[in-house]
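Reader: I would like to learn how to read packing features in a model. Please take me through some cases.

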Amino acid sequence: MFSVERGQFGPNFVFGTATAAYQIEGGQIDGRGTCIWDTFAATPGNVKNADDGHEADDHYHRWPEDLDLIRDGGFDGYRFSLAWPRIIPEGTGAINQAGLDFYDRLIDGMLERGLKPFATLYHWDLPSPLQDRGGWMNRDIAGWFADYAAVVARNFGDRLHATATINEPWCVAFLSHFLGIHAPGYRDIRAASRAMHHVLFAHGTAIAALRAEGAKNLGIVTNLQKCEPASDSPADLEASTLMDGTFNRWYLDGLYKGKYPADIVARLEPYLPAGFEADMPVVSTPLDWAGINYYSRSLLAYDAATPVFPLKQVAGPLDKNDLGWEIYPKGLTDLLVRVSREYTKLPLYVTENGMSETNDEKRVAYYDMHLKAVLEARAQGADVRGYFAWSLLDNYEWAEGYSSRFGIVHVDYETQKRTPKGSYRAFQGMLHNTK
Ligand code: FCB
């Protein structure tokens, strides 16, 4: 049971659950092309237990049952992503009708159940042929992505409640091209710098393409991390400011102020694409809403031995999820308030929040604390209009494979049986009480 009540969020607040195509769909059939996660997972050492998304939660076949679960939980919305390689297997060019048919059924299935579809166009499954051409390192990706966005808008735009271009540009760029932890697994500062700009340039280009096709209610989902210094020494404070710069300010300043932060530009200048400044009006194209994913905070210490960004993340003292991420609900309040005060008056949605954990009672407590944090942000003036629990189902947690379980519904990967957890029941109790 949660201590918060639905009524506290106001009558139009949207409660939903979130998933992503590669993490749940499986169904690598009917013309779906390969993506960078297929080959990243097939490369030894990248993913725990060498798990891959070939079967995942078999949502490709079991989607009616999954949508029933969302409806029966009392949720209003469902945040899902479309797989680019299912719709355009080569990334550009020929369209796979069977892929369109799948999303046609899925979106109609949401509407039949009274669920608002919140679509994400890119949740990390880049078609492999585009990676062969440089992927996010290649400026041409803006055109490739805009063409794909237009196909989605043409086919589904009138049925989508909201559309986000990119999920978590920091992960697309930095985690995947600098830290090498996600596909395509680069560890290269020039690759990362290019991806950091192109991902936002492609976002803006896609927004224009979506609007040209008549799509409405458009946004982007940024993941934000509360960055705090490990001590009150000026050096640690500088480390925390730098981390905030690469993680949060690069994306927020770019999107909502049309200018990248000077301290980060100064460090990346030699590697950024020439003339990036001219693209900033596209990067900062006006949007209709802003999505924020939040999980944890980072505690930073100065580390002179690390070039470019002389910092290291240190373990904090707070309770943690089973991936070691500190539980820090105040960070969610602070970030929502910061975005609304310093960046944008757009409606805000918490598009992901949740906990990797096998002990579901801890997950119930996590959700309760973070829902309270949302209420606190609203009390401080942040215009938060919705909250999506990550995730509906246990699923393929990227480099952690299937070992990490974020679901409010348990999935038995042998049988694909779904079993609602106490956290699902907690949402159901809260949402049904006042509906
Ligand atoms: C976010 C991702 C999502 C999931 C959660 C735990 O960064 O958007 O796909 O992996 O973390």
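Predicted model: local features only at pLDDT ≥ 70, side-chain atom pairs only at ≥ 80, totals over all residues.

Reader: At what angle do helix H9 and helix H10 pack?

Author: Two packed helices are described by the angle between their axes and the distance between the axes. Helices are DSSP runs of H or I with at least four residues, numbered from the N terminus. Axes are lines fitted to C-alpha atoms over the stretch in contact, and angles run from 0 to 180 degrees between N-to-C directions. H9 (residues 189-212) and H10 (residues 234-257) pack at about 35 degrees, axes 11 Å apart.

Reader: Which residues in H9 and H10 meet?

Author: H9 supplies Met-196, Val-199, Leu-200 and His-203; H10 supplies Trp-250, Tyr-251 and Leu-255. Contact means heavy atoms within 4.5 Å.

Reader: How do I read an aromatic pair?

Author: A pair of aromatic rings is described by the distance of the centres and the angle of the planes. Rings of Phe, Tyr and Trp (its six-membered ring) pair if their centres lie within 6.5 Å; planes under 30 degrees apart are stacked, over 60 edge-to-face, the rest tilted. The structure holds 41 such pairs. One of them, Tyr-367 with Phe-427, is edge-to-face, at 4.9 Å between centres and 70 degrees between planes.

Reader: Why does the pair of Tyr-367 and Phe-427 tie parts together?

Author: Tyr-367 lies in helix H14 (residues 360-379) and Phe-427 in helix H15 (residues 422-433), so the pair joins parts 60 residues apart in sequence. Tyr-367 is buried (under 20% relative accessible area; exposed is over 50%, partly exposed in between, with a 1.4 Å probe and protein chains only). Its relative accessible area is 0%. Phe-427 is buried too, at 0%.

Reader: Which charges lie over ring faces?

Author: The test is NZ of Lys or CZ of Arg within 6 Å of the ring centre and within 35 degrees of the ring normal. Arg-86 lies over Phe-102, 5.4 Å from the ring centre. Arg-297 lies over Tyr-328, at 4.9 Å.

Reader: Is Ile-207 buried or exposed?

Author: Ile-207, in helix H9, is buried at 0% relative accessibility. Leaving out residues up to four places away in sequence, Ile-207 touches residues including Thr-165, Leu-218 and Pro-286. Ile-207 and Pro-286 are 79 residues apart along the chain, with C-alpha atoms separated by 8.9 Å.

Conventions:
Residues numbered from 1 in each chain as written. Heavy atoms only, no water. Helix = DSSP H or I, 4+ residues; strand = E, 2+ residues; numbered from the N terminus.
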